[in-house]
Amino acid sequence: MTGRFLEEGWGGIEKSEEEAVEWYRRAANNNHSAAQYNLANCLFAGRGCDVDQTEAVEWYRKSAEQGVAVAQKEYGNCLFYGKGCNQNKAEAVKWYRKAAEQGFALAQSNLGVCLENGEGCVKNIDEAIKWYKKAAEQGYDVAQNSLANCLFAGRGCNLNKIEAIHWYIKAAEQDNADAEYMLGYCMENGEGCEIDKQHALMSYKMAEKHGSSYARNAVEHKGRR
């Protein structure tokens with residue numbers, strides 16, 4: 001824990017990211033899985049050391065191989081996007097699945113995306129929805145929005161716009177711009193709910209605030225910024 005205390009300045013200890021990296025490395029070299037993950041994070045971002053994404057990937061892998069779910073997800077991300085290693089989406093899916101099966105919501109959502117789009121695996125929208133729902137039920141807003149999109153379009157499931165709105169609301173409550181935009185769209189057009197143009201505009205404005213270009217266009221179109 002010494003590295004973590006130094007990195008974040010806990011317990012009155014003077015913050016020193018450089019010294020934290022030294023302690024993480026000592027523990028990582030002794031096969032401590034959490035230290036391997038923390039060292040990888042520092043190397044990947046250049047926190048307390050020079051950026052070295054290639055070495056970071058190796059430490060993510062070592063931690064992932066010891067069963068650390070968050071490291072499995074991060075190693076999967078590196079493989080999926082080719083950061084610090086050769087891109088290998090099929091291998092990324094393998095690691096997302098390992099983390100997802102441990103109940104890690106972000107990995108469940110990532111696995112759902114891969115399955116929905118057939119990236120690194122055979123396209124399977126039914127299974128994608130299963131993983132979206134698991135992550136959504138843990139409160140992960142990205143998965144909540146993805147699940148809502150499937151329900152709204154009847155993609156891989158029975159069309160259910162009322163349930164879609166339920167999940168859009170859950171995601172919007174966490175400032176998810178895509179969900180805020182879709183919630184505005186539903187209220188404006190009476191999709192799964194009563195038409196409510198006033199609240200639709202409010203939702204569009206919140207989505208615009210959180211970076212949605214679609215919402216910005218919707219607000220500008222109405223001429224009411």
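This is a predicted model: local features need pLDDT of at least 70, side-chain atom pairs count only at pLDDT 80 or more; totals for chains, interfaces and linings use all residues.
Q: Which helix is glutamate 116 in?
A: Glutamate 116 is part of helix 7.

Q: And what does its side chain make a polar contact with?
A: The partner is arginine 155: the two side chains are joined by a polar contact of 2.9 Å.

Q: Which other residues does glutamate 116 touch?
A: Setting aside residues up to four places away in sequence, glutamate 116 touches Lys123, Ile125, Ala128, Tyr132 and Cys150, as well as Arg155.

Q: Nice. On to helix 8: which of its residues are buried?
A: Ile125, Glu127, Ala128, Ile129, Trp131, Tyr132, Ala135 and Ala136.

Q: What do those pack against?
A: The buried residues of helix 8 pack against helix 6 (89-101), helix 7 (105-117), helix 9 (141-153) and helix 10 (161-172).

Q: What caps the N-terminal end of helix 8?
A: Asparagine 124 does, with a side-chain oxygen 3.3 Å from the backbone nitrogen of aspartate 126.

Q: And what comes just after helix 8?
A: There you'll find glycine 139, with a positive phi of about 95°.

Q: New topic: where is tyrosine 185?
A: Tyrosine 185 sits in helix 11 (residues 177-189). At 29% relative accessibility, tyrosine 185 counts as partly exposed.

Q: What is tyrosine 185 in contact with?
A: Leaving out neighbours within four places in sequence, tyrosine 185 contacts Phe152, Glu191 and Tyr204.

Terms used. Residues are numbered from 1 along each chain as its sequence is written. Side-chain values use heavy atoms; hydrogens and water are left out. Buried means under 20% relative accessible area, exposed over 50%, partly exposed in between (1.4 Å probe, protein chains only). Helices (H or I, at least four residues) and strands (E, at least two) are DSSP runs, numbered from the N terminus. Contact means heavy atoms within 4.5 Å. A polar contact is a pair of N or O atoms within 3.5 Å; within protein, one must be able to donate a hydrogen and the other to accept it, and residues adjacent in sequence count only if both atoms are side-chain atoms.
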